[in-house]
Amino acid sequence: MGFIRMYKWPLFSKHFLAALLTGLAMGFTVAYLALSPEIITFTDPHSSMEMEYMAGPTVDPGSHSENEEFHNMEDATVADKLYKEVRVLCWVMTGPKNHEKRAKHVKATWGKRCNILLFMSSQADESLPAVALPVGEGRNNLWIKTKEAFKYVYKHYYDKADWFLKADDDTYVILENLRYMLMPYKANEAIYFGCRFKPYVKQGYMSGGAGYVLSKEALKRFVEIGLTNATGCSKSNSGAEDVEMGKCMEAVRVKAGDSRDSMGRGRFFPFVPEHHLIPGHVAKSFWYWQYIYYDSKEGMDCCSDNAVSFHYVSPNQMYVLEYLIYHLRPYGIAFRVDMPPELMDASSARYETTTT
C-alpha cells in the first residue's frame, strides 16, 4: 500500500505575517502614488515641487457683474485714483508648460488689476501675453531669466509705469493694497519692497516667491549699473534669483524698504495665508523663522489688513481668494475711505519721475 507524502509548510509567526502584509500594502501605495502624481494634492505647499501637479479649473468659473446689487454700493474712487497715479507694471515669471496650467489663471484674477501685465517665458504666447526671453527653463535659469526680464521691461516700458513688480505664477497679489503701500514714496527714490529676509545680504533681500517691487530709479540702476559694471551683481546665469537680486540692489545703493504696516504686521508673504494664520502650523525649526528679517507673529496678528501678496497659491485658490477679497460682503457693514492728501494734487504727489 502506497503513501502520499504531504509537504509540510513552514510555520510563520503572526508578527511576521503582519509585517509582511503591512510592507506589501505600503509598497503598493507608494508605487501607485509614484505612477499617479496627479492625485496628490497639497493644501499648504512649501516648495515648487509640491506645486508641480496643481492645475486650475478647465471650465471658466466666470465672474460677478459690476451692476449687481452689492457691487453697485461700492465706491472705488480712491482705488481708481491710485490706479492712475501709482502705475504698476507686473511681470510674472512662468514657462511654456505653465502658460495654460497657471499663467492664464493669474491673468483671469489679480493680473487684470495691473496697469501693465506681462508674462516672462522662453516661448511667446499672445493670449497672455508671454514674452520669449533668450533663456532656458528650470530653476538654474531663474537668475538669468530675471535679469533678461528686467532688461526687457526697462527697454520697452520704462516710461509707462512708476513701479515694477516681479511675481511668480503661483503668487497672488492685491494690487490696491500695493498701491496704497507705495503711495507715500516717489518713483525716483532708489528703493524696493517685498518680504524681507536677513541672511546673505547685509541689508537683507526680498523673497522671490512673495514678489518684490522696484521703483523706477531702482530699475534704472539695476539695468544701467548693476548689469554692466557693478562688482556686487553676479554675471553668472545661475544662482538663487532673490538672493542675487538682493546683493545687486545693495551694490547699486538701492535701499531695502520696510513693507510692514503701522502696526508692524507683514504685507508680503512667502506662503499661503494658512501657514501664517494658524499658530504652530510649522515648527520653529522651519527655515522661515531663521530667515525673516523682522519679528513675525503667528495667528491673526501676523498679517496686515492691507496684505499685498501670498505665495504657493494654487490656480484653484486664486479664484477662492478672488471671491473672498472682491465679492464676499458682510451685510450691514460699510467701509469708507477718504481721499488721501497725497492724491489731492495728482501731479505733485506722484512721482516726480525725473531723476535727480
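## A quick tour

Modeller: Start with how the chain contacts itself. Take contacts in the protein chain between residues at least 6 apart in sequence: 75% of them join residues at least 24 apart. Keep in mind that this is a predicted model.

Colleague: OK. How many helices and strands does the protein chain have?

Modeller: The protein chain has 12 helices and 11 strands.

Colleague: And what share of the residues is buried?

Modeller: Of the 356 residues in the protein chain, 47% are buried.

Colleague: Let's switch to disulfides. How many are there?

Modeller: The count comes to 3 disulfides. Number the bonded cysteines in sequence order and the pairing reads 1-2, 3-4, 5-6.

Colleague: Take cysteine 90. Which cysteine does it form a disulfide with?

Modeller: Cysteine 90 pairs with cysteine 114, and their sulfur atoms are 2.1 Å apart. The pair links distant parts of the chain, 24 residues apart. Cysteine 90 sits in strand 1 (residues 88-93). Cysteine 114 sits in the loop between helix 4 and strand 2 (116-121).

Colleague: Is that disulfide left-handed or right-handed?

Modeller: The torsion about the S-S bond of cysteine 90 and cysteine 114 is about -100°, so the disulfide is left-handed. Cysteine 90 and cysteine 114 are both buried.

Colleague: Next, what joins cysteine 233 to cysteine 248?

Modeller: A disulfide, with an S to S distance of 1.8 Å. The angle about the S-S bond of cysteine 233 and cysteine 248 is 90°, and the link is right-handed.

Colleague: Where do cysteine 233 and cysteine 248 lie?

Modeller: Cysteine 233 is in the loop between helix 7 (216-226) and helix 8 (241-251), while cysteine 248 is in helix 8. The pair therefore ties together parts that are 15 residues apart in sequence. Cysteine 233 and cysteine 248 are both buried.

Colleague: And cysteine 302 with cysteine 303, how far apart are their sulfur atoms?

Modeller: They are 2.1 Å apart, and the two cysteines form a disulfide. The link of cysteine 302 and cysteine 303 is left-handed, with -85° about the S-S bond. Both cysteine 302 and cysteine 303 are buried.

Colleague: What about cysteine 195, buried or exposed?

Modeller: Cysteine 195 is buried, with a relative accessible area of 4%.

Colleague: Back to helices. At what angle do helix 4 and helix 11 pack?

Modeller: Helix 4 (residues 99-108) and helix 11 (residues 315-326) pack at about 10°. Their axes are 9 Å apart. Angles under 35 degrees count as roughly parallel, and helix 4 and helix 11 are therefore roughly parallel to each other.

Colleague: Which residues of helix 4 and helix 11 meet?

Modeller: From helix 4 come Lys101, Arg102, His105, Val106 and Ala108. From helix 11 come Pro315, Met318 and Tyr319. The residues of this contact divide into 5 nonpolar, 1 polar and 2 charged.

Colleague: New topic, the loops. Where is aspartate 170 found?

Modeller: Aspartate 170 is in the loop between strand 4 (163-168) and strand 5 (172-173). Aspartate 170 is buried, with a relative accessible area of 4%.

Colleague: How far is aspartate 170 from methionine 93?

Modeller: In sequence, 77 residues; in space, 9.2 Å from C-alpha to C-alpha.

Colleague: Now the backbone. What kind of peptide bond joins leucine 128 and proline 129?

Modeller: A cis peptide bond joins them, with omega at about 0°. Proline 129 lies in the loop between strand 2 and strand 3 (130-132).

Colleague: What is phi at arginine 253?

Modeller: Arginine 253 has a positive phi of about 60°, although it is not a glycine. Arginine 253 is in the loop between helix 8 and strand 10 (255-256).

Colleague: Is arginine 253 buried or exposed?

Modeller: Arginine 253 is exposed, with a relative accessible area of 70%.

Colleague: And what is phi of tyrosine 312?

Modeller: Phi of tyrosine 312 is near 60°, a positive value in a residue other than glycine. Tyrosine 312 is in the loop between strand 11 (309-310) and helix 11. Tyrosine 312 is buried, with a relative accessible area of 11%.

Colleague: Great, thanks.

Note on methods:
Residues are numbered from 1 along each chain as its sequence is written. This is a predicted model: local features need pLDDT of at least 70, side-chain atom pairs count only at pLDDT 80 or more; totals for chains, interfaces and linings use all residues. Side-chain values use heavy atoms; hydrogens and water are left out. Axes are lines fitted to C-alpha atoms, for helices over the stretch in contact, and angles run from 0 to 180 degrees between N-to-C directions. Helices (H or I, at least four residues) and strands (E, at least two) are DSSP runs, numbered from the N terminus. Angles under 35 degrees count as roughly parallel, over 145 as roughly antiparallel, 65 to 115 as roughly perpendicular and the rest as oblique. Contact means heavy atoms within 4.5 Å. Ala, Val, Leu, Ile, Met, Phe, Trp, Tyr, Cys and Pro count as nonpolar, Asp, Glu, Lys and Arg as charged, and the others, Gly among them, as polar. Buried means under 20% relative accessible area, exposed over 50%, partly exposed in between (1.4 Å probe, protein chains only). A disulfide is a pair of cysteine sulfur atoms within 2.5 Å.
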